[in-house]
Amino acid sequence: MKKMVVPVLAASLTLSTFNAAMAAPKEEGKIKSVEFIGMDAPKTDQEKNNLMYTRASVKVTYNDGTKKTVPLSYETLFRPGDVINGNTAGVTINAKGEIMTKANGKPYVSSAPDMNSLMKVPGLPENTYYLISHYESMPKNENGLENPGAMSLSTVKMDPATGKLTVVDIKPIDFSEVHGIWKPCAGILTPWNTHLGSEETDPDARAHEVNPTSSAVTNFTKNYYGDASLIGNPYYYGHVPEVTVKADGSTKVVKHYSMGRMAFERVKVMPDNKTVIYGVDSNPGGFFMYVADQEKDLSAGTLYAAKWVQTGTENGGSAKLEWVKLGHATDQEIEKLASTLKFSDMFEVTDDAAKGKAEGYTAIKTAANGKKVEWVKVKPGMEKAAAFLETHRYAAYLGATVEFNKMEGLDFNEKDNKAYLAISYQENTMLPEPTAPVDHIQLPKISAGGIYEIDFKPNRKTTDGQKIDSHYVPVSMAGYLMGEDLAAPDADGNTANVDKIANPDNVVYSEKMKTLFIGEDSGLHQNNYTWAYNVETKKLSRILSVPGGGESTGLQMLENLDGHAYLMNSSQNPAYVGYISGLPSFDEKKNKK
């Protein structure tokens, strides 16, 4: 996801009248179908530059034949910088738990709120909830050092009659026990009611080893700990953090080292509560699968990387997916390795192609090392360390595909056993590259990117014949809903078709509405949008517009939260945190006449 510098926002669509289950025909109050009626692209300067708004509506058809159409509207929860119950929204804290401030004493405030997890925690009063929000980046400090990202925990009250949400308190979440949090990006609420986030920065350990005193991770560490003598450790960053919240507002934070180290985007826990699939927001990047040893416990498991075996080039391309086993590990053992190893302990490396060829090195190309080809050998006994601390390098070394370009969010359609995956730009390493070390992906350029559909089968085998202990193994991938580049900009300066998606980033699927919600992070549209795409009718509807320069992000779908439903939808730069109201809810009691 790109980082910008403007205000910030987190929206949420209030789906206040849908019932929790689709039922037999003629049953009073049950919903038969949902149709989003889209809005035009913004036309006035105020719409383009100053408003986070919707003029869309939703039409609900009930099983008894009645229909209801409701206009949508946008409600603001808060904006970073707002003071709520004496606390400032969107601040970050140092390793001592202190709010980080400028020389004038005012706090640094993020303009990049991202993921939201609105959750119901046992023990809270009725109609009271917690909301975890990401802040992907902060302004740099006066010395040019990068401030840590942050997560906040808000206390949210609901008016049960209207579904209106109000934030009554907010505080930062402390990550000091896990070395701080660096650029938390997307995330999910797990089936076991914890928050899984992501660190979208995995600093290059090879570059750090060459110049450790002034590397990016050292500058981060100096600032976070307030100690100019410290040297950073790149292997502490680029992980999936999990946050557990108790009723008293206390939080427990862990980082899942056994899920690999990379520029994480949104991970998706599959219905078995063991399999997790995820792409990587980098160029180039890979596609990964993690199978935990036990349900609802991501502290130990087996990590796999996909190999793209291309079958077509039309409409975004298509491929069969094969899986390369990288290794099995626990969080505890990989965290210990992270604390003791440096890059050269795991790899021999050279940038000299002649030497690499002559001495049996393997040529790889990853986002590290400036995306230049490097020649590597894994040192004896270091396979596990390489797999989980240098995941992209090791995946490429074993022959997995590391050529995807900005693979972003994904979600799962359980009824149809399909996933939807955003690739923001079909460019760069996804195009034919005759001089690359490998060239698995060879597709036409689509700068607007698109959504891909993934099919699954159970209990497949890896490329070396080992059984994968999961019922949710991705076996094929094909373009599903693609953007469209324009030969020349239109009258408003859009360089991608304004009535189609462009550079999709966040996606979330609603089973009950049979609708895929898509948030954009595009420079090809003058304004970014949130879209609703019905996977049965194939209707695409624009339902939200973000002010110019802003990114639509942070999607979370709650289909029935105490009689109301919400689609959380953050925006970075400019910044709001709020929700769209007026949508019906999947609550049977409300829908009965």
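Select helix α3, residues 216–225, and show its side chains. In this predicted model, the buried residues of the helix are Val 217, Thr 218, Phe 220, Thr 221, Asn 223 and Tyr 224. Then step past the end of α3 to Gly 226, where phi is positive, at about 65°.

Stay with α2, which spans residues 205–210, and pick out Arg 206. Is this residue buried or exposed? Arg 206 counts as buried because its relative accessibility is 16%, and the cut-off for buried is under 20%.

Next, select Glu 374 together with Arg 206. Their side chains form a salt bridge, with an N to O distance of 2.7 Å. Arg 206 belongs to helix α2 and Glu 374 to strand β23 (residues 374–378), so this pair ties together parts of the chain that are 168 residues apart in sequence. Glu 374 is buried, at a relative accessible area of 1%.

Asp 351 is partly exposed, with a relative accessible area of 43%.

Now widen the selection to Asp 204, Arg 206, Asp 351, Glu 374, Glu 390 and Arg 393. Salt bridges with shared partners join these residues into one network.

For another salt bridge, go to Glu 35 and Lys 539. Their side chains meet at 2.7 Å, N to O. Glu 35 lies in strand β2 (residues 31–37), while Lys 539 is in the loop between β30 (529–534) and β31 (540–545), so the contact ties together parts 504 residues apart in sequence. How accessible is Glu 35? Glu 35 has 29% relative accessibility and counts as partly exposed. Lys 539, at 31%, also counts as partly exposed.

Colour the charged side chains next. There are 63 positive and 73 negative ones in the protein, and the centres of the two sets lie 3 Å apart. The number of salt bridges comes to 28.

Finally, zoom out and switch to a cartoon view. The secondary structure consists of nine helices and 34 strands. The radius of gyration is 23 Å, close to the 25 Å given by the globule rule for 593 residues, so the protein is as compact as a globular protein of that length. Along the principal axes, the C-alpha atoms fill a box of roughly 75 × 60 × 50 Å.

With the surface displayed, the accessible area comes to about 21700 Å², and carbon and sulfur atoms account for 48% of it. Colouring by burial brings up another total: 60% of the 593 residues are buried. Of the contacts between residues at least 6 apart in sequence, 64% join residues at least 24 apart.

Definitions and conventions: Residues are numbered from 1 along each chain as its sequence is written. This is a predicted model: local features need pLDDT of at least 70, side-chain atom pairs count only at pLDDT 80 or more; totals for chains, interfaces and linings use all residues. Side-chain values use heavy atoms; hydrogens and water are left out. Helices (H or I, at least four residues) and strands (E, at least two) are DSSP runs, numbered from the N terminus. The radius of gyration is taken over C-alpha atoms; the globule rule is 2.2 Å times the number of residues to the power 0.38. Buried means under 20% relative accessible area, exposed over 50%, partly exposed in between (1.4 Å probe, protein chains only). Contact means heavy atoms within 4.5 Å. Accessible areas come from the Shrake-Rupley method with a 1.4 Å probe; for residues, only the protein chains shown count as cover. Lys and Arg count as positive and Asp and Glu as negative; His and the chain ends are not counted. The place of a charge is taken as NZ of Lys, CZ of Arg, CG of Asp or CD of Glu. A salt bridge is a side-chain nitrogen of Lys or Arg within 4 Å of a carboxyl oxygen of Asp or Glu.
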